[in-house]
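Student: I am new to this structure and would like to be guided through it by question and answer. May we begin with the terms we shall need?

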Amino acid sequence: MSSLKIGEILVKQGLLKPDQLSSAIEEQKKSGQKLTSTIVQLGFLKENQILRALEKHYAVPGVDVNSFEIDQSLTPLVPKEVCEKYTLIPLQKAGATLVVAFSDPSNIMVKEDLRFISRHRIQAVVGTEMSISSAIEKYYGGNISTKSLSAASGMEDEFAAAASTAEIIDQEGGPDDAPIVKFVNSILADAIKKRVSDIHFEPYEKRYRVRFRMDGNLIEATAPPPGTAAAIASRLKIMSKLDIAEKRRPQDGRLKVRTTKGKEMDFRVSVLPTLWGEKVVLRLLDKSNLQLDMTKLGFEEDDLKIFKNNVHLPQGMVLITGPTGSGKTNTIYSALAELNQPDVNISTAEDPVEFNLEGINQVQMNPDIDLTFSSALKSFLRQDPDIVLVGEIRDIDTAEIAFKAASTGHLVVSTLHTNDAPSTVIRLTEMGVAPYIITSTVNLIVAQRLVGKICEACKIPVEVPAQTLLNLGVVPAEVDEYKVFKGRGCANCNNTGIKGRTAIFELMSMSEKIKEAILKGASTGQLRYLAREQGMRTLRRSALLKLKRGLTTIEEVLNASVKDV
């Protein structure tokens, strides 16, 4: 409850004079205590007088929580962070009803969410902020016992929440424990075990489904219990330290869990209000899956040599392009890992920072305080950087500062959302970057996509008509060299035939001919023709090489690239 609200209640009931309230508020600002504690310490009122005033105002029974013997077995039903945030505590249980002491029992949204979290009807009573806070400290203590995620799914590793972020509450002990907590824990554990990239919790009018994104494809996971959409969303929001009472606006958060073996797993959380409830998407950020070895990203040998040569240049710009989820972050981080030496100062502006890299100064963007890519870049240039990473060039302001940095002795690495390497130049000019600036600063443009790798456990050869390969763009003289495979589907690949992904790349170096074409206003098609003439391997050609080696399927080639023109 806000200090203003409780102060108004006490003044309205004639228990406190306005000048006493003013004195108490001034004292509270100095001490940092709750207003009611300050009022009692100043001798203006006794705690039981405040309780009676609250009881009268809210027309619900008042309870002196200090003298109430709380059933400690109830604490797992309501997480500590919820108790602290809303100043409430469960007191006792009668059948399916949970009696909860609130400092502000008028908050209907919190009561409704408590009903879903605890799976009990909520009977509200009122207590003072002082007594409830004291009880939270007494019965919850400094730490809440944790539960292994593995208990819900049979995993070997035990997961516990990192102390600085979300907590996974212990729900072991009895048949009345919250099933929603167990269900959410089991989904998280299953996702980690299967190495999925995203988890989707989706409410619809007549059903609620959970889907995993595995190797780029969405597959349905275990169906949740009926009627649990709101409870699941609330549970995930609690774990991510989001506002469970806010259901109208999108929210973004983050939670972290770690194994007893020391492995950490970050989840990036996005909550979006939809027609039938809140959809929650979790992005799994597993640092152990981060591939920092450039040789294992999927580069062809000659392309890798070009890429390495360009990221080792002392100044200029390297642009990585592709849609969301195309592996750009992995490519950039692998380049930074190679460049990360004791004599090099690297600064990054990211939104969000997905993985922490030792020895690199990473800055999280925060538009709420005007910390944007452009403002961060301006600061970077005063930080004596050698290499600068800009998470994404989104506007002309960011572009201008990035290109200025690239032309004044810094290596700048950044990303854009374009379909291929040649169209990146057109995107920059449309954004407002002058062609002469592009030609004088950009060293290399890399476009990339991800293709699924055939599961080795169920890999089988398939007969494909020669015309199908010709339609794909295979040179007639090479058709006989192609041995096409696919995955039959097995338990190892979740019956998809695809296990893991690899990248395909398109590298456009800024040769003199291409620079001349850009200065003359060449189109995307003209730039692509010139680049291919000078040896650029297109995304389709890169995908066909993977097909030729039996690493991927025809379907993956079609999905990941467009035919050369």
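Tutor: Helices and strands here are DSSP runs, a helix having at least four residues and a strand at least two, and they are numbered from the N terminus. Please bear in mind that this is a predicted model.

Student: Between which strand and which helix is Asp420 found?

Tutor: Asp420 belongs to a loop. The elements on its two sides are strand S15 (411–416) and helix H15 (421–431).

Student: Is Asp420 buried or exposed?

Tutor: A residue counts as buried under 20% relative accessible area and as exposed over 50%. The relative accessible area of Asp420 is 9%. Asp420 is therefore buried.

Student: With which side chain does that of Asp420 make a polar contact of 2.4 Å?

Tutor: Leaving aside neighbours within four places in sequence, Asp420 is in contact with Thr321, Ala447, Glu506, Thr524 and Arg528. The polar contact of 2.4 Å joins the side chain of Asp420 to that of Arg528.

Student: Why does Pro342 count as exposed?

Tutor: Pro342 is in the loop between helix H12 (328–339) and strand S12 (346–350). The cut-off for an exposed residue is over 50%. Pro342 counts as exposed because its relative accessibility is 84%.

Student: Which residues touch the most other members of the largest nonpolar core?

Tutor: Nonpolar side chains tend to be buried together in soluble globular proteins. The largest nonpolar core here has 53 residues, and helix H14 (residues 396–406) gives the most to this core, with 6 residues. Those that touch the most other members are Met317, Met508 and Leu547.

Student: Which residues are in contact with Met508, leaving aside its neighbours within four places in sequence?

Tutor: Contact requires heavy atoms within 4.5 Å. With those neighbours left aside, the residues in contact with Met508 are Ala421, Pro422, Val425, Leu444, Ile445, Ile514, Ala531 and Met536.

Student: How many residues of helix H20 are buried?

Tutor: Helix H20 comprises residues 539–548 and is mostly covered. Its buried residues include Leu539, Leu544 and Leu547, and among the elements that cover them are strand S16 (442–454) and helix H21 (554–560). Of the 10 residues of H20, the number buried is 7.

Student: Why is strand S6 described as largely enclosed by the rest of the structure?

Tutor: Strand S6 spans residues 208–214. It is largely enclosed because its buried residues number 6 of 7.

Student: Which residue is the bridge partner of Phe212 in S7?

Tutor: S6 and strand S7 (residues 217–220) are antiparallel and pair over 4 bridges. They form a hairpin with 2 residues between them, and Asp215 in the turn has a positive phi of about 50 degrees. In S7, Phe212 has as its bridge partner Ile219.

Student: How many residues lie between S5 and S6 in their hairpin?

Tutor: Strand S5 (residues 198–203) runs antiparallel to S6, and 6 bridges join them. Within this pair, His200 stands opposite Arg211. The number of residues between S5 and S6 in the hairpin is 4.

Note on methods
Residues are numbered from 1 along each chain as its sequence is written. This is a predicted model: local features need pLDDT of at least 70, side-chain atom pairs count only at pLDDT 80 or more; totals for chains, interfaces and linings use all residues. Side-chain values use heavy atoms; hydrogens and water are left out. Buried means under 20% relative accessible area, exposed over 50%, partly exposed in between (1.4 Å probe, protein chains only). A nonpolar core is a set of buried Ala, Val, Leu, Ile, Met, Phe, Trp, Tyr and Cys residues joined through side-chain atoms within 4.5 Å. A polar contact is a pair of N or O atoms within 3.5 Å; within protein, one must be able to donate a hydrogen and the other to accept it, and residues adjacent in sequence count only if both atoms are side-chain atoms. Two strands pair if DSSP finds at least two bridges between them.
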